[in-house]
Structure formats: structure tokens, C-alpha cells
Amino acid sequence: MQPEVVWPGVHVVLRLPSGSHTVHEIKPNTTISVGKYGTFQSNFLIGRPYHYTYEILDQVDGSARSGLRIVPPTELYADIKDEEAPNPADLEEEEQADTNGKEARAQFEIVDQKGEVLLRTNRNIVDDARSQTMTMKEIEMLKAEGKGSGRDLIAKILDSHSALDQKTAFALAKYTLRKTKKYLRRFT
């Protein structure tokens, strides 16, 4: 059985990284805009299968038009496979090893009956715009260069965050997810 493919004249629903959905009618030789994620020619969807994740590519062969690439499942799930949930006991040992008898950078609040630390909090961390050393102008310049799918941009944003090492594992995952939803140029 062949997979169903997109034909001219059909309506498709695109799920964006932000979680929103958009409906588009596929007409040959028209441009489809998906907001801040970019635009592409409808011809790139015609004849391609439904239910795949596509990545918007910039400037195909030096032209002003962008293209689409089917994102393979191995790439989609690479982050999930590579990352395992951290063990709270291991995190505690790492934190104690980092401090070497000095006062810890983060405040610990949740302790068990023996007084051992179970979970650290980020209550005392001040996370404001000053923590991000990369300016919005620099981010826009990197977006305009259009090199990559947004993964490189997200990595540079994370590298330029000065308080990233102070975040808890949950706060770091939340921050990374927020940047992924904002800058990753994929849709399903």
C-alpha cells in the first residue's frame, strides 16, 4: 500500500513547533507562509507524503526561494534517545563535588528526615535579560544568514546564556524547549 501524498487542491493542516496549527490549500506555484518560521513554495509539498515532519531550508541552489527536507525519524528522536532522566542522587553528589566545602550556589530546600538534600531549587536565581549575552539584533542576523534549521541558532543562544549552569535540570529543559519552539523551523 502506497502512502497518501499531497495533491494540488487539497487542504493540509500544518503543526508548528509552537504547538499551533495552520490550514493551507495547496495550489501549484504559490508560496506558503508559516509565520516566523519562514515560507516555502507549495510545489515542494506536492507529491510528498502526509504525516511527515519537514524542515524549511533556506535558499535552494543560491536562489531566493527556500526548500523543504523530510526530517528522518532518527534525527527526530535523537534527543530523546541520547538523554536519560538524571538520578536526583547523582545530581546531589555532583553538586557536593562541585562545591568542595564551599557554600553551594543554589539553595537547597527539600530535605529528607535525616537532613539530606533531595532537591535543589532555583528560588534565588535571578534570570533576566542580562543573563542572555547575545542581543536580539545578533539573533536576527543569525536567523537571516539561514544556516541550518535552527539547531545551530539554539545552541549559540544556549552557549551565550551566562546563568545556564545555575539552572536546575527542570529549568534547563524548560528553557531549551522554549527556545526550540521559538526557533526550530520544522512542521508536521
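## Exercises: sheet, helix and cores

An open sheet of three strands runs in the order S6-S5-S9, and its pairing is antiparallel. The model is predicted.

**Exercise 1.** Find which strands stand at the edges of this sheet, and say why one side of each is left without a neighbour.

*Solution.* 
- Start with the order, S6-S5-S9.
- Strand S6 (67-70) and strand S9 (186-187) stand at the edges.
- Each has a single partner strand, so one side of each has no neighbour in the sheet.
- Now look at one pair: S5 and S6 are joined by four bridges, in the antiparallel sense.
- Within this pair, leucine 57 stands opposite glycine 67 of S6.

**Exercise 2.** Work out what span helix H6 (residues 169-183) should have, then compare it with the model.

*Solution.* 
- Count the residues of H6: there are 15.
- The expected span is 1.5 Å times one less than the number of residues.
- The helix should therefore span 21 Å.
- Its end C-alpha atoms lie 21 Å apart, which agrees.

**Exercise 3.** Describe the largest nonpolar core, then a second one.

*Solution.* 
- The largest nonpolar core has 14 residues.
- Val34, Phe40, Leu45 and Phe187 touch the most other members.
- Strand S1 (11-15) and strand S5 (54-57) each supply at least two residues of this core.
- A second core is separate and has ten residues, among them Ile139, Ile154, Ile157 and Tyr175.

Conventions. Residues are numbered from 1 along each chain as its sequence is written. This is a predicted model: local features need pLDDT of at least 70, side-chain atom pairs count only at pLDDT 80 or more; totals for chains, interfaces and linings use all residues. Side-chain values use heavy atoms; hydrogens and water are left out. A nonpolar core is a set of buried Ala, Val, Leu, Ile, Met, Phe, Trp, Tyr and Cys residues joined through side-chain atoms within 4.5 Å. Buried means under 20% relative accessible area, exposed over 50%, partly exposed in between (1.4 Å probe, protein chains only). Two strands pair if DSSP finds at least two bridges between them.
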